[in-house]
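Open the model in your viewer and keep the selection tool at hand.

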Amino acid sequence: MQEMIRVAVDAMGGDYAPAEMVKGVIDAVTLRQDIKVYLVGRKDAVEKELKKRSYSGSQIEVIHAEEVIETAEPPVMAIRKKKQSSIVMGMNMVKEKKADAFVSAGSSGAILVGGQVIVGRIKGVERPPLAPLIPTEKGVSLLIDCGANVDARASHLVQFAKMGSIYMENVLGVKNPKVAIVNIGAEEEKGNALVKETFPLLKNCPDVNFVGSIEAREIPHGQADVIVCEAFVGNVILKLYEGLSGTLVGVIKQGMMQSLKSKIGALLVKPSLKKTLKTFDATEYGGAPLLGLNGLVVKTHGSAKAKEVTNSIIQCVTFKEQEINEKIRKNIGTSPMEE
């Protein structure tokens, strides 16, 4: 009998909850028969959305969660006080091995806090990083960290590189992935204190294929498979990436509608352009896993719609099948856990 991958999904998190969360879940179980999804949220609201669509009843179960953690709430306080929230209940399912993974488009702060406090770190992992896939000219690269550790240390960045390499090799199938550290120049002596301290550690690390520094302008060209940085830098890169992508798409569409000639040209190039732009759509690659935890937690965009939710659930299946946590535990679990 085929083993079912169990994924808890926060039905109440995100701008379009619960409608888009439910739609994404239904699409996921339609694509894969080896997934069992627990929709965690207010039962009445979730079941109202489920009744609008047909789906495999045996693959979806609603878990009632009365409370919702709002984006503006202080994360630590919210996790402590709202025990019946969809985020806390979903993470407890992972902690108690009732689910293999938890997916949420909800409060980033609550997800980061809950991941560490409830699910817990793998012994030896100093800081769990958020690691989204970003589109490049050559495919995708893993940006690690993009939001969890704004004041990282050199030892954290080395672990990010190791975890990122494991993820890219096993989930994306990139053999011996190239690892680079974000810098303001290619020369080894450049950078701030953190980069200067981390560079020689990565250079002498046998577990990663370190290729040196990477400047921001080289990231879209796919010069490295794993992009290592602290969360402050990573978040700026990610937000600029997303903002610029959206702006370019808008400008291109506007330009194509300016005259009859451009409209005719637009019709001719539309199929090729649509295919190209699809590769730069972040929703195609699922959410950002919080690596280094005792279970999988995936953060999707707050504006996530059904497609991103579906892809995030499929992403959890690959993560589980490839035993990423076990590989991280084997690679990093020998160093002492930072309390």
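Which strands does α6 lie across? Select α6 and then β5, β6, β7 (178–182) and β9: the helix lies across these strands, running at about 150° to β6. Contact here means heavy atoms within 4.5 Å. Angles run from 0 to 180 degrees between N-to-C directions, and axes are lines fitted to C-alpha atoms, for helices over the stretch in contact. Helices (H or I, at least four residues) and strands (E, at least two) are DSSP runs, numbered from the N terminus.

The model is predicted: local features need pLDDT of at least 70, side-chain atom pairs count only at pLDDT 80 or more, and totals for chains, interfaces and linings use all residues. Residues are numbered from 1 along each chain as its sequence is written, and side-chain values use heavy atoms, leaving out hydrogens and water.

Next, select the sheet. It is open, with 5 strands in the order β5-β6-β9-β7-β8 and mixed pairing. Two strands pair if DSSP finds at least two bridges between them. At the edges are β5 (133–136) and β8 (209–214), each pairing on one side only. Select β6 (residues 139–144) and β9 (residues 226–228): they run parallel, joined by 3 bridges. L143 has I227 in β9 as its bridge partner.

Last, select α6 (residues 154–171) with α11 (residues 324–332); their axes come within 10 Å and cross at roughly 145°. Among the residues that meet are Q159 and Y167 in α6 and I328 in α11.
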